[in-house]
Each structure stands twice: as C-alpha cells, then as structure tokens.
Amino acid sequence: MIMSQTQTKRPSTAPTPPVFELIEVEQEFSVPQPGRSLFNRDTVGLKALDGVRLSIAQGASLALVGESGSGKSTLLRVLLGLDAPSGGRALYRGKPIREARARGTGFARDVAMVYQDARGSLDPRMTVGQLIAEPLRHFNIVRKGEEAARVAQLIDRVGLPTDAASRYPSGLSGGQVRRVAIARALASEPSVLVADEAVSGLDVSTQAQLLTLLRSLQRDMGLTLVFITHDLGVASYLCEEIAIMYLGRIVETGPTDAVLDTPAHPYSAALRAAAPRFFEPIPEPLPGEIPSPLDLPNGCRFSSRCPAAQEDCRLRDPQLGQQGAGRAVACLHPLTSTGAQASETR
Ligand SMILES: Nc1ncnc2c1ncn2[C@@H]1O[C@H](COP(=O)(O)OP(=O)(O)OP(=O)(O)O)[C@@H](O)[C@H]1O
Ligand code: SF4
Ligand SMILES: [Mg+2]
C-alpha cells in the first residue's frame, strides 16, 4: 500500500511474542514392546512429552528441573528444532521452531547451545583458538583480520588463560573445557543460551565459578537462558524462573524462590525435601521409583508416589492451571504456603 504524505505510520501495537512458546506439545517415540520375543517386531508409543505448556519471555532465565527420564532433554531438542514434536505447537518468536530453523542461519546464530558432554562436543584435533574461530567464520561475525582479536576477547570473557588459544582440549581441565564450550556458544552473539547440565560433574568450587560466569553473562548481555539441571541449588542461584517436570509434563512453574520456598505441587515439595543441605543429615530419598512412561498410573501421574494423594487423584488427570501470581501447578489438591493441602479441590 502506498501512503500519502499526510498519512503517518502508526506504531505497531501487536505484543512481542515470547522467545519460545510450547502449546500442548507431545513427543511420542516408537519403542519395542516390553517383553517381546526376539522375532517379534511389535512396537508401542512412548510419550516422552505429554501436553507440555511453557512460555519463555525475552531476557528470562528458566531452570528446567526433574528426575532422570522426566523428558528434559527431549524438551530441549524440541526447543532447538532438532526434533519436530509429534503433537501440539512449538513456536520461536511466534513462528514454528522447525520453520525458523530451516530458514537460513538466523535461528542457529540466535539460539546457542552448551552441551552436557562439553569435551565430546569439541574436535580434539583443533586448538581452542580454532574452535572459537569456527562459529565466528561460519556466521560471518567479524572480518578475517579481526578474528584473532575477537577470539582473544572471548577467551578473556570466559576466564580462560591468555595462552589457551594455542592449546588442545586434551590439555584442559573439565572446568576449562566448559569455558571453551561457553566461548564457542557466545561467538555467534546469540540472544538465547540453552544449556543441558552445563556444570554437573565438576567440583564445587569450579561449579561456583562457572555459575558466576553464566549469571554475569546472562545479566550483562541480556541473554535468555534455559538451563537444565538436577540441582535445585543451581536452579535457585542462576534462574529467576523454574519449571519442574515429572514424566513428560511440567507439573509446577513460577518464580524460583517462590516455588522452592512454598511449593504447591507435592512433587516439588518432595524434590526440595530430598535436596542435600550442609551440616544436616542426608535427607530421605523420594519415595518409590519413577514409573515407566509406558505404564503411567491412572489419573494423576504422580499418584503412585504422592504422600498427599486422595481418592479422586486416581480418577482425574490434573492439568497445569494458574496458582497465584505468575505461578501454575498441575495438582488437584495443591499445597498451601504452610505446606498443608488446600481444603477445596480444583
Ligand atoms: N530417541 C528416543 N527413542 C525412544 N525413547 C526415548 C528417546 N529419547 C528419549 N526417550 C525416552 O523418553 C523419556 C525421556 O527421556 P529424556 O532423555 O528426555 O529424559 P531426561 O529428563 O533428559 O533424563 P536425564 O536426566 O537422565 O538426562 C525416557 O523414558 C527415555 O527413555
Ligand atoms: S493430584 Fe493428587 S496425587 Fe497428584 S500431586 Fe496432587 S495430590 Fe498428589
Ligand atoms: Mg537428559
């Protein structure tokens, strides 16, 4: 449309879409039927994600927490557009993630990943300098003459020694290797950083140094951070928001401090109670084993382990619903701020 000189362009009033939005996302894998014989090729569907709802705003820091097998990595692969969900919608800035990823290098440049196995993700034949220069070149970030200076800048920013550029990953400690992985992730000047257990398996002081680094990067660069961890202490230090997963579904989400101080879902409360604390006896582990996603309990999926389960919990499958300011919980009888159960049911 051609505008006359007297017409002025009105500022757009459309709200900015979240960086990521998951709407009833499902991910079903076809797996061998349990107990099948060697010659039987029958398969069954395993729902690794089942009705996941999540919205991540620009500049947010979100910890994704849950036991092994709860679906954290599967969710991450959907966020990164590596796998298309088998159901629901997964959006990046309002567009389907898979489409955004397929369209040029914009998505790959904007959404950077730090893998759990940082050493395995680095080519052992390349020096640290070459490893950091690779994304600079791939995304055309700087001119050739400026490459060495930018590599040195990134090495300094992540706290590696200045001579690190000429060293190989095999000559670096576990903590230094994670710093190289973070420098590579930052090289493309992303606005989103996604990390899967990026500080696990390190000694406490190295973990603390890396967490301080990640927190300052997130704040200084205004990064949106999605951080997978088993550790509630790490989640509360690094992330303002938390999403707690159980058997393929987010069961509680909200501001990290509020959720950990006064959990509304009995699973969040059990995770918090099971977290080790200094100078206190080793806490009781969570009761029972996480069930197989192929054999979910009827009604609420936490009912087989829930100390607060009531009769209707075996009959109805609770969905994630609002629970106070910025919080949501998937429980028929959420806990109150005193840890008791609310008398009325949802
Ligand atoms: N490619 C696949 N094929 C079949 N099943 C899969 C596949 N990927 C994951 N699963 C299953 O989906 C469920 C969720 O797995 P996922 O790896 O996402 O869990 P996780 O929360 O990341 O666990 P961990 O903390 O151990 O890394 C598990 O039951 C797992 O066995
Ligand atoms: S719905 Fe019932 S079984 Fe499920 S978490 Fe809530 S109280 Fe426990
Ligand atoms: Mg995982």
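The model is predicted, so local features require pLDDT of at least 70 and side-chain atom pairs count only at pLDDT 80 or more, while totals for chains, interfaces and linings use all residues. Residues are numbered from 1 along each chain as its sequence is written, chains are lettered from A and ligands numbered from 1 in the order in which they are written, and side-chain values use heavy atoms, with hydrogens and water left out.

**Stop 1: the four-stranded sheet**

Select β2, β1, β4 and β5, which form an open sheet in that order with antiparallel pairing. Helices (H or I, at least four residues) and strands (E, at least two) are DSSP runs numbered from the N terminus, and two strands pair if DSSP finds at least two bridges between them. The edges are β2 (43-56) and β5 (95-96); each has a single partner strand, so one side of each lacks a neighbour in the sheet.

Next, select β1 (residues 20-32) and β4 (residues 87-92), which run antiparallel and are joined by five bridges. Across from E26 is G87 in β4, and across from L22 is A90 in β4. Helix α1 (residues 72-79) packs on this sheet and touches β1, β2 and β4, its direction making about 120° with that of β1. Contact here means heavy atoms within 4.5 Å; axes are lines fitted to C-alpha atoms, for helices over the stretch in contact, and angles run from 0 to 180 degrees between N-to-C directions.

Continue to β4 and β5, which pair in the antiparallel sense over two bridges. Y92 stands opposite K95 in β5. The hairpin of these strands has two residues between them, and there R93 takes a positive phi near 50°.

**Stop 2: the aromatic pair**

The whole structure contains five aromatic pairs. Rings of Phe, Tyr and Trp (its six-membered ring) pair if their centres lie within 6.5 Å, with planes under 30 degrees apart counted as stacked, over 60 as edge-to-face and the rest as tilted. Select Y92 and F107: their ring centres are 4.8 Å apart and their planes stand at 85°, so this pair is edge-to-face. Because Y92 belongs to strand β4 and F107 to helix α3, the pair ties together parts that are 15 residues apart in sequence.

**Stop 3: the eight-stranded sheet**

Now select the open sheet of eight strands, ordered β6-β7-β8-β3-β9-β10-β12-β11, with mixed pairing. Its edge strands are β6 and β11 (321-322), each of which pairs on one side only. Four bridges join β6 to β7 (residues 192-196), and the two run parallel; V111 has V192 as its bridge partner in β7.

α1 lies across β3 (61-65), β6, β7, β8 (224-229) and β9 (241-246), at about 155° to β8. α6 lies across β6 and β7, running at about 170° to β6.

**Stop 4: the second largest pocket**

What lies nearest the centre of the second largest pocket? Of its 20 lining residues, A108, A112, M113, Y115 and R184 are nearest. The elements giving two or more residues to this lining are α3 (106-110), β6 (111-114), α4 (128-138) and α6 (174-187). β6 gives the most, with four residues.

The pocket holds about 480 Å³ of space. On a 1 Å grid over the protein atoms alone, a pocket is an open set of points with protein on both sides within 12 Å along at least five of seven lines, a cavity is a set where a 1.4 Å probe fits but cannot get out, and lining residues have an atom within 4 Å of a point. Grid points are joined across faces, edges and corners, and a volume is the space filled by probe spheres set on the points.

The pocket lining has 14 nonpolar, three polar and three charged residues. Ala, Val, Leu, Ile, Met, Phe, Trp, Tyr, Cys and Pro count as nonpolar, Asp, Glu, Lys and Arg as charged, and the others, Gly among them, as polar.

**Stop 5: the cavities**

The structure has two cavities of 30 Å³ or more. Select P266, C300, C306, C313 and C331, the closest to its centre among 15 lining residues. The lining of the largest cavity has 11 nonpolar, four polar and no charged residues.

Finally, select R249, V251, H265, C300, R301, F302, D317, P318 and A330, which line the second largest cavity. Its volume is about 40 Å³, and its lining has five nonpolar, one polar and three charged residues.
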